[in-house]
Amino acid sequence: MISFKSVLKKFDRKGEKTGWTYIEISQTLAEKLLPNCKKSFRVKGNIDGVEINKIALVPMGEGNFIMAVNSTLRKAIKKIHGKTVVVSLQHDDIKIEINEELLACLADDPESMKYFNSLPASHQNWFSNWVTAAKTNSTMVKRIATTIEACSQKMDYPTMMKEYKKFH
């Protein structure tokens with residue numbers, strides 16, 4: 001486990017990350033968590049004593065990573081951007097299960113499955129969680145179809161959601 005202090009920062013304009021509050025994790029610290037990793041990976045630990053898990057570190061280039069600090073977590077730690085937090089992290093090697101119905105349907109479209117499998121695990125999980133969060137079977141079917149269509153067009157999750165919201 002690594003421990004460090006960090007300042008909560010906020011992106012003004014940064015594509016899909018616009019408005020995100022985050023902390024930076026240097027290459028040196030990231031190497032201690034998961035050596036030689038250049039892709040997104042999950043961590044667990046705590047921020048200001050508030051337990052966190054299944055949180056992704058996102059690569060930002062040059063070996064550095066960021067970790068989003070969502071509004072729920074900011075409320076729990078009672079801090080906003082510009083404030084210093086104490087962070088303790090370790091690699092979280094828990095295997096995240098992808099929605100079985102989604103995987104079964106992706107298997108019927110090899111190109112979409114290939115694209116889906118090329119995505120980082122955290123991005124696959126965003127699609128899967130969206131499908132699983134459907135409250136009715138008909139909504140789940142629509143979300144699976146939307147996900148497969150997005151994968152066939154090589155869309156990432158944020159792009160798919162922007163397109164989806166235009167029509168719903």
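## Sheet, helix packing and cavity

Strand β4 (residues 41-47) and strand β5 (residues 50-61) are antiparallel and are joined by 6 bridges. Within this pairing, Ile 47 has Val 50 of β5 as its bridge partner. Strands are said to pair if DSSP finds at least two bridges between them. Strands (E, at least two residues) and helices (H or I, at least four residues) are DSSP runs, numbered from the N terminus.

The model is predicted: local features need pLDDT of at least 70, side-chain atom pairs count only at pLDDT 80 or more, and totals for chains, interfaces and linings use all residues. Residues are numbered from 1 along each chain as its sequence is written, and side-chain values use heavy atoms, with hydrogens and water left out.

**The sheet**

In what order do the 7 strands of the open sheet lie? The order is β1-β7-β4-β5-β6-β3-β2, with antiparallel pairing. At the edges are β1 (2-7) and β2 (9-10), each of which pairs on one side only. Strands of a sheet pair through backbone hydrogen bonds, in either a parallel or an antiparallel manner.

| Strand pair | Bridges | Facing residues |
|---|---|---|
| β1 and β7 (residues 84-91) | 6 bridges | Val 7 and Thr 84 |
| β4 and β7 | 5 bridges | Lys 44 and Gln 90 |
| β3 (residues 21-25) and β6 (residues 64-68) | 4 bridges | Ile 23 and Met 67 |
| β5 and β6 | 4 bridges | Gly 61 and Asn 64 |

β5 and β6 also form a hairpin with 2 residues between the strands, and in this hairpin Glu 62 takes a positive phi near 60°.

**Helix packing**

Two packed helices are described by the angle between their axes and by the distance between those axes. Axes are lines fitted to C-alpha atoms, for helices over the stretch in contact, and angles run from 0 to 180 degrees between N-to-C directions.

Helix α5 (residues 121-132) and helix α6 (residues 137-152) have axes that come within 8 Å and cross at roughly 155°. The two helices are therefore roughly antiparallel. Angles over 145 degrees count as roughly antiparallel, those under 35 as roughly parallel, 65 to 115 as roughly perpendicular, and the rest as oblique. From α5, the contact (heavy atoms within 4.5 Å) involves Phe 127, Trp 130, Val 131 and Thr 132. From α6, Met 140, Arg 143, Ile 144, Thr 146 and Thr 147 take part. By class, this contact of α5 with α6 has 5 nonpolar, 3 polar and 1 charged residues. Here Ala, Val, Leu, Ile, Met, Phe, Trp, Tyr, Cys and Pro count as nonpolar, Asp, Glu, Lys and Arg as charged, and the others, Gly among them, as polar.

Helix α3 (residues 100-107) and helix α4 (residues 110-118) pack with their axes 7 Å apart, at an angle of about 130°. α3 is therefore oblique to α4. In α3, Leu 102, Leu 103, Leu 106 and Ala 107 meet Pro 110, Ser 112, Met 113 and Phe 116 in α4. The residues of this contact comprise 7 nonpolar, 1 polar and no charged.

**Cavity**

A cavity is a set of points, on a 1 Å grid over the protein atoms alone, where a 1.4 Å probe fits but cannot get out; lining residues have an atom within 4 Å of a point. Grid points are joined across faces, edges and corners, and a volume is the space filled by probe spheres set on the points.

The structure holds 1 cavity of 30 Å³ or more, and the largest cavity contains about 30 Å³ of space. Its lining consists of Gln 27, Ala 30, Glu 31, Cys 37, Lys 38, Gly 63 and Phe 65. Which helix gives the most to the lining of the largest cavity? Helix α1 (residues 27-33) does, with 3 residues. By class, the lining of the largest cavity has 3 nonpolar, 2 polar and 2 charged residues.

Technical notes
1 Å grid on protein atoms, 1.4 Å probe; cavity = no way out; pocket = protein on both sides within 12 Å on 5 of 7 lines; lining within 4 Å.
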